[in-house]
Amino acid sequence: MNLDVKKNAFVKLGQFLSQFAANEFVKNNDVCHNDEFFSKFEELIHSSVNYNGWFTLEQVVISINSWASALTQDNLEKWTSKYDFSTEPNKRVGLILAGNIPLVGFHDFISVLISGNIAKVKMSSNDQKLLPFLANYLVAVEPGFASRFDFIEGKMEGFDAVIATGSNNTARYFDYYFNSVPNIIRKNRNSVAVLDGTESHEDMVALGKDVFTYYGLGCRNVSKIFVPEGYVFDSFYQGMFEYKDVIEYEKYSNNYDYNKAVFLMSEFKILDNGFLTVKEDKGYASPISSVFYEYYTDINEVKARLAEDVDKIQCIVSNNLVDGSIAFGQTQEPQLWDYADNVDTIEFLLGL
């Protein structure tokens, strides 16, 4: 398949998704194949919570909005411009996808397709509906994609390469089982923010977006903050207050009650505002409804620490305090060229 044909199909998919990028869906009669797909996708979005209790309408829409914004002609041109797509590897690439947030494996899926390979997709039981639907839409737009993917159940077999995403525990299994073929094995990662106390209220509100989007379930969610010695958390909590309604969702509320109780029974000192606990801890992976923090006296020590722990970190958020950090509020809006774990997926796939 020609690269321009693939890009054109992805642009049309982005236009389709743009109809569902806000809580009130608006049908655009200029979008192709709407008669066949619009109502079905609308129903699927509204029923997603039945398949995964964390996939509320709001959270699914956030994911769709991110992809609608990403799949534009300009973005696709920029994404593909640095690579040589003159030949198609046509290798069978096994994708073992996570299911913690809606469409979490979609980037790997479209990367396999645009690189000229064949995706053998094993879905997570927590996210089985959205991706196959969008794959079928792509086939309607460009029938040539029909032979470029296969959703499988059971054991992964008949592959030339693998991209697998899981926990640190499952990664050990993946390393053993897939060590005979080229692979990308993704493990647990977390995102952090580095503050110096000069952040504005708007910065802290934006940081709340990084913390609470997808209820904190994603590797791009900020789960740890570094703050200067003596930092006062008033401004931090004022920013977080914008997201107070998160406690109204039962699954989040249950996690908040449980984790707070565990902290209190363990006699840990915590800060609490009624929907988010903050605990001093050197770890990165805070539980849902909690953020860890750590004091620093020298920003260079923080930089050295993050450099040492680079394999544990997905995103760093700050006001340019750390090289390579991104702006507050941007962790859940990655570009097509923002690769998970900083591993260039397209380069890997084209090299097969």
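Over the ring of which residue does the charged end of K279 sit? In this model, the ring is that of F268, and its centre is 4.4 Å from the charged end of K279. A charge is taken to sit over a ring if NZ of Lys or CZ of Arg is within 6 Å of the ring centre and within 35 degrees of the ring normal. K224 likewise lies over the face of Y284, at 5.0 Å from the ring centre. The model is a predicted one, in which local features need pLDDT of at least 70 and side-chain atom pairs count only at pLDDT 80 or more, while totals for chains, interfaces and linings use all residues. Residues are numbered from 1 along each chain as its sequence is written, and side-chain values use heavy atoms, with hydrogens and water left out.

Helices (H or I, at least four residues) and strands (E, at least two) are DSSP runs, numbered from the N terminus, and two strands pair if DSSP finds at least two bridges between them. On this basis, 5 strands form an open sheet with parallel pairing, in the order 3-2-1-4-5. Strand 3 (149–151) and strand 5 (183–186) stand at the edges with a single partner strand each, so one side of each is left without a neighbour in the sheet. On average, neighbouring strands of this sheet are turned by 15° against each other, direction ignored. In general, strands of a sheet pair through backbone hydrogen bonds, either parallel or antiparallel.

Strand 1 and strand 2 run parallel and are joined by 5 bridges, with V93 standing opposite A119 in strand 2. Strand 1 is mostly covered, as 4 of its 5 residues are buried. Here, buried means under 20% relative accessible area, exposed means over 50%, and partly exposed lies in between (1.4 Å probe, protein chains only). Strand 4 (residues 161–165) and strand 5 also run parallel, joined by 4 bridges, and V162 stands opposite N183 in strand 5.

Two helices can be followed across these strands. Helix 6 (residues 130–141) lies across strand 2 (118–122) and strand 3, running at about 150° to strand 3. Helix 7 (residues 168–177) lies across strand 1 (92–96), strand 4 and strand 5, and runs at about 165° to strand 5. Axes are lines fitted to C-alpha atoms, for helices over the stretch in contact, and angles run from 0 to 180 degrees between N-to-C directions. Contact means heavy atoms within 4.5 Å.

Aromatic rings come next, with 34 aromatic pairs in the structure. The rings of W67 and F106 have their planes at 85° and their centres 4.8 Å apart, so the pair is edge-to-face. This pair links distant parts of the chain, with W67 in helix 3 (residues 57–70) and F106 in helix 5 (residues 106–114), 39 residues apart. Both W67 and F106 are buried. Y293 and Y295 form an edge-to-face pair too, at 5.3 Å centre to centre and with 80° between the planes. Y293 counts as buried at 9% relative accessibility, whereas Y295 is partly exposed at 26%. Ring pairs also link F16, F20, F25, F37, F38, F41, F133 and Y137 into a cluster. For these pairs, rings of Phe, Tyr and Trp (its six-membered ring) must have centres within 6.5 Å; planes under 30 degrees apart count as stacked, over 60 as edge-to-face and the rest as tilted.

A polar atom of its side chain lies 2.8 Å from the backbone oxygen of C219, and the backbone nitrogen of C315 lies 3.2 Å from a polar atom of the S191 side chain. Not counting residues up to four places away in sequence, S191 touches C219, R220, N221, V222, S223, K224, Q314 and C315.

Most residues other than glycine have a negative phi. N90, although not a glycine, has a positive phi of about 55°. N90 is found in the loop between helix 4 (73–80) and strand 1 and counts as partly exposed at 40% relative accessibility. E267 has a positive phi as well, near 60°. The loop between helix 10 (250–265) and strand 8 (270–272) holds E267, which is exposed, with a relative accessible area of 71%.

Note on methods:
A polar contact is a pair of N or O atoms within 3.5 Å; within protein, one must be able to donate a hydrogen and the other to accept it, and residues adjacent in sequence count only if both atoms are side-chain atoms.
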